[in-house]
Amino acid sequence: LFRSFGRYDRGLNFEFSALAGHAEQSGLPTAGTDLMQTIHELLGPFDLSAYRYAGRRNVAPDVPALGVSGLTDDRFTRTGIGLRFAAGRWTSESVLQQNTDTDADGLGTALHSSGGFTQLRYAISAKLFGLVRYDGTNDDNGFLRSTTALLGYRLSHNSRVTVEDIIAHDPNATHTLNTQFTIAY
């Protein structure tokens, strides 16, 4: 279920989604209904937004040494704010998010975390673009951050090739060079 109220081109817009609670990659069964609410205020080239996403997931701990197996229930929320600016060839996006999980690992461990990113994208041509992104997360393991520098080329309306360098700062800088071919459908 998806409902939207307001305008997409300017002013205030409110979106509401109710979706089957499922993480396809997990292989676990669907758990309840996820709810997402988003409000946007479009002011010329700026898009200011706030959102809340909440639901639950089945978590499958498998720790035989502790005698733990089977499914447990993790209830979670993701609450955030975002700012997007687009003008000409430049696009800038920033998001801050707070997270709460009641049973993140299936062992009854509640988790509170936060994170965010800011990125700047420049369209060099109609097909070639560059992007720089800074990510940060904070949880019980501490504050982690990384910087990504990316160069991408759009091959067709639904495919692209990218080359990126991810620089993790944990605490020493490490580089991971990736090449990716993406097809969207």
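**Figure 1. Asp 101 and its partner Arg 78.** Asp 101 is buried in this predicted model, with a relative accessible area of 7%. Buried stands for under 20% relative accessible area, exposed for over 50%, and partly exposed for the range in between (1.4 Å probe, protein chains only). The side chain of Asp 101 meets that of Arg 78 in a salt bridge, 3.1 Å from N to O. A salt bridge here is a side-chain nitrogen of Lys or Arg within 4 Å of a carboxyl oxygen of Asp or Glu. Arg 78 belongs to strand 5 (residues 72-87) and Asp 101 to strand 6 (residues 90-101), so the pair ties together parts 23 residues apart in sequence. Strands (E, at least two residues) and helices (H or I, at least four) are DSSP runs, numbered from the N terminus. Arg 78 has 22% relative accessibility and counts as partly exposed.

Residues are numbered from 1 along each chain as its sequence is written. The model is predicted: local features need pLDDT of at least 70, side-chain atom pairs count only at pLDDT 80 or more, totals for chains, interfaces and linings use all residues, and side-chain values use heavy atoms, with hydrogens and water left out.

Figure 2. Asp 34 sits in strand 3 (residues 33-43) and Arg 57 in strand 4 (residues 46-59). The pair links distant parts of the chain, 23 residues apart. Both ends are buried: Asp 34 has a relative accessible area of 1%, and Arg 57 has 18%.

**Figure 3. Arg 133 and Asp 135.** A salt bridge joins these two residues, with the closest N and O atoms 3.0 Å apart. Arg 133 is partly exposed, at a relative accessible area of 24%. The count of salt bridges comes to four.

**Figure 4. The surroundings of His 40.** His 40 is found in strand 3. Its relative accessible area is 17%, and His 40 is buried. A polar contact of 3.0 Å joins its side chain to that of Asp 47. Such a contact is a pair of N or O atoms within 3.5 Å; within protein, one must be able to donate a hydrogen and the other to accept it, and residues adjacent in sequence count only if both atoms are side-chain atoms. Leaving aside residues up to four places away in sequence, His 40 touches Gly 11, Leu 12, Asn 13, Glu 15, Asp 47, Leu 48 and Ser 49. Contact means heavy atoms within 4.5 Å.

Figure 5. Strand 1 and strand 2 (residues 11-20) run antiparallel and are joined by five bridges. Two strands pair if DSSP finds at least two bridges between them. A hairpin of four residues connects strand 1 to strand 2. Arg 3 stands opposite Phe 16 in strand 2. Strand 2 also pairs with strand 3, in the antiparallel sense, over 10 bridges. Here Ser 17 stands opposite Met 36 in strand 3. In a regular strand, side chains alternate between the two faces of the sheet.

**Figure 6. Strands 4 and 5, and the loop between them.** The two strands run antiparallel and share 14 bridges. Tyr 51 has Gly 80 in strand 5 as its bridge partner. Ala 60 lies in the loop between strand 4 and strand 5. With a relative accessible area of 43%, Ala 60 is partly exposed. Its C-alpha atom is separated by 9.2 Å from that of Leu 107, 47 residues apart along the chain.

Figure 7. The protein has 11 strands and zero helices. The strands form an open sheet in the order 1-2-3-4-5-6-7-8-9-10-11, with antiparallel pairing. Strand 1 (2-6) and strand 11 (173-183) stand at the edges with a single partner strand each, so one side of each is left without a neighbour in the sheet. The twist averages 15° from one strand to the next. Axes for this angle are lines fitted to C-alpha atoms, for helices over the stretch in contact, and angles run from 0 to 180 degrees between N-to-C directions. The C-alpha atoms fill a box of roughly 60 × 45 × 30 Å, taken along the principal axes. Buried residues make up 25% of the 185 residues.
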